[in-house]
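Please read it alongside the sequence and model.

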Amino acid sequence: MLTKKQMQLLEFIDTRMRKEGVPPSFDEMKEALDLRSKSGIHRLITALEERGFIRRLAHRARAIEIVKLPEALGGEPTAPTAVGFTPRVIEGDRPDSPPPAAAMDVSAAAVSLQIMGKIAAGVPIEAVQDNDMGISVPSMMLSGHGNHYALEVKGDSMIDAGINSGDIVVIQETSSVRDGDIVVAMVEGYETTLKTYRKMGDRVALEAANTAYETRILPAEQVEVQGKLVGLIRSY
């Protein structure tokens, strides 16, 4: 599934290449999508490449190749994605070691949450919403108030906080957070990321939990906190 901005950019590139035989420049892409910086275009291009829609050719300026198009733009339909979660049982002895102290009893009452899409734990990506998937989580994992939803983590910037790419994080929908909370933050109105939140006067620091990533310090008005982490689910 592509976000609205990703779809717009892919359509713009495809239209330009069909018309002129060459892809548009990054400045033309930025203007067409009404973005404030070319860094947003770089992130959209990377997202399209990771999803297999385009290919960047090395050592050639403005070299972008359309690999495929989504069905909405005239491409071939893809196979439907399996919905829901099917547990797998592996035969074997029960381990002697006790479960982690923070582990919850799976026999606790379960609540169904929607997986609203993917959240970046790395370079911010656009918010992705896909309400067709859901997951059951222990009710003890949820706080006593507010709405909750789930997101799939993409990236490795929070690995030192125990959050891996492919994990499902459970988020309490709130804008009220404290320093040190791991939050879902929307940056500049269209990028979302999962980071540790720090308030610094009129600025906000979004800290990674991986030394390979730098802390982003942004004006407070460019950061909108949409929720905080309250739980994590991992499949093996």
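In the hairpin of S8 and S9, three residues lie between the strands, and glutamate 188 has a positive phi near 55°. The model is predicted: local features need pLDDT of at least 70, side-chain atom pairs count only at pLDDT 80 or more, and totals for chains, interfaces and linings use all residues. Residues are numbered from 1 along each chain as its sequence is written, and side-chain values use heavy atoms, with hydrogens and water left out.

**Pairing of S8**
- Strand S8 (residues 182-187) pairs with S9 (residues 191-200) in the antiparallel sense over six bridges; strands pair if DSSP finds at least two bridges between them.
- Valine 184 is opposite leucine 194 of S9.
- S8 is also joined to S12 (residues 223-233) by five bridges, and these strands run antiparallel.
- Valine 187 has valine 223 as its bridge partner in S12.

**Burial of S8**
- Six of the six residues of S8 are buried (under 20% relative accessible area, 1.4 Å probe, protein chains only).
- Ile182, Val184 and Met186 point one way, while Val183, Ala185 and Val187 point the other way.
- In a regular strand, side chains alternate between the two faces of the sheet.

**Contact of H1 and H2**
- The axes of H1 (residues 4-20) and H2 (residues 26-33) come within 10 Å and cross at roughly 130°; axes are lines fitted to C-alpha atoms over the stretch in contact, with angles from 0 to 180 degrees between N-to-C directions.
- Contact (heavy atoms within 4.5 Å) is made by residues including Phe12 and Ile13 of H1 and Met29 and Leu33 of H2.

Definitions and conventions:
Buried means under 20% relative accessible area, exposed over 50%, partly exposed in between (1.4 Å probe, protein chains only). Helices (H or I, at least four residues) and strands (E, at least two) are DSSP runs, numbered from the N terminus.
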